[in-house]
Amino acid sequence: MAAAEPAARKRRPKGHFAAAAGRAKRPRGGGRQLEAGMRGILITCNMNERKCVGEAYSLLGEYGDLLYGPEQFSDHEERLSGSEREEDEDDVEAALKKEVGQIRASTEQKLRRFQSVESGANNVVFIRTRGIEPENLVHHILKDMHATKKKKTRVILRMLPISGTCKAFMEDMKKYTETFFEPWFKVPNKGTFQIVYKARNNSHVSREEVIKELAGIVGSLNPENKVDLNNPQYTIVVEIIKNVCCLSVVRDYVLFRKYNLQEVVKSSKEDAQQNPSSLTEDQNLKVVKPETEEEEEKSSKEVKQENKNQGEIEAEPKGNDVLTV
């Protein structure tokens, strides 16, 4: 009996180790991760993802409230009258239903306007959005920062709206973009465009093939759509992370320094030559010289130096190359 007791204490339920493994593999963000079908905002940062998420919530919350008003949450418990609550307490079955309803209500409240999810790549944060247009919100933020030259973030580098996502396989991307591009490029709509491409943790997709196929789809929607690498009316953003392809069509990509929050607040001669576009404005006529990769890396170094001066040494990210057709 004495020998059997230690053996009994070592025995574990069948699901014990499986459950522990599941907890260990659970991604950051409470089990939420980037997947096809999501919309949101993709943010690159300078080796401090936690602080980046905090800055993103603060900045997006500020402008989100201005554009869409404060978030509203339903409180199911307050809808119950006093008599209904008394009846629930007297009825065990009703009390159980009440508790289940409260749990569901609590879950609904957690589906916030802005919610961080696991992106699947280092130095990249993805904020899922609900009930807003990511491209309009981000454009508004950059337009305001460009006008005021007021710096509002320290570790956030680029902020890219993601209007749609699909699986990162060529056939899926072609099928998805045939419809996704219509609001901007299908007759009678037209415009000049460029394609910027970035892939992270993905080796099965060819950059050249993606750019060629997507450019062909844009051309098939309206033959008058033309490529412009200097100052396009629209920039098609393609960000691939693992097996998810993130897409958006943005304006003022050159003027807003590739949507770089560190660079857009800097003054330059080119800023006086061009004004940000709006939903109703035509394409800007003046040409602004595109920002080079060296300038983009310089902004990252400046962020690093600023953090170092304030006692927060950040590691410099790898070159964030943006490629065009």
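Reader: In which loop does Lys258 lie?

Author: Lys258 lies in the loop between β9 and α11 (293–309), where helices (H or I, at least four residues) and strands (E, at least two) are DSSP runs, numbered from the N terminus. This is a predicted model, in which local features need pLDDT of at least 70 and side-chain atom pairs count only at pLDDT 80 or more, while totals for chains, interfaces and linings use all residues. Residues are numbered from 1 along each chain as its sequence is written, and side-chain values use heavy atoms, with hydrogens and water left out.

Reader: How do you know that Lys258 is buried?

Author: The relative accessible area of Lys258 is 10%, and buried means under 20% relative accessible area, exposed over 50%, and partly exposed in between (1.4 Å probe, protein chains only), so Lys258 is buried. Its backbone deserves a remark as well, for the phi of Lys258 is near 60°, a positive value in a residue other than glycine.

Reader: What makes Asn123 count as buried?

Author: Asn123 has 16% relative accessibility, a value to be set against the cut-off for buried residues, and it therefore counts as buried. Asn123 has its place in the loop between β2 (114–117) and β3 (124–129), and its phi, near 65°, is positive although the residue is not glycine. Most residues other than glycine have a negative phi, and most peptide bonds are trans. A cis peptide bond is found here between Val187 and Pro188, with an omega of about 10°, and Pro188 lies in the loop between α9 (182–185) and β6.

Reader: How many disulfides does a search of the whole structure find?

Author: The search finds 0 disulfides, a disulfide being a pair of cysteine sulfur atoms within 2.5 Å.

Reader: At what angle do helix α3 and helix α7 pack?

Author: Helix α3 (residues 49–68) and helix α7 (residues 134–148) pack at an angle of about 105°, with their axes 10 Å apart; the axes are lines fitted to C-alpha atoms, for helices over the stretch in contact, and angles run from 0 to 180 degrees between N-to-C directions.

Reader: Why is α3 called roughly perpendicular to α7?

Author: Angles under 35 degrees count as roughly parallel, over 145 as roughly antiparallel, 65 to 115 as roughly perpendicular and the rest as oblique, and the angle between these two helices therefore makes α3 roughly perpendicular to α7. The contact, meaning heavy atoms within 4.5 Å, is made by residues including Leu59, Leu60 and Tyr63 of α3 and His140 and Ile141 of α7.

Reader: What is the order of the open sheet of 4 strands?

Author: The order is β2-β3-β1-β4, with antiparallel pairing, and two strands pair if DSSP finds at least two bridges between them.

Reader: What makes β2 and β4 edge strands?

Author: Each of them, β2 and β4 (156–162), pairs on one side only. Strand β1 (residues 40–45) and β4 pair in the antiparallel sense over 5 bridges, and the bridge partner of Ile41 in β4 is Pro161. Helix α7 packs on this sheet, touching β1, β2, β3 and β4, and its direction makes about 145° with that of β4.

Reader: Which strands form the open sheet of 5 strands, and in what order?

Author: The order is β5-β9-β8-β6-β7, and the pairing is mixed. Strand β6 (residues 192–200) and strand β8 (residues 234–241) pair in the parallel sense over 8 bridges, with Val237 in β8 as the bridge partner of Val196. Helix α10 (residues 207–221) packs on the sheet, touching β6 and β8, and its direction makes about 150° with that of β6.
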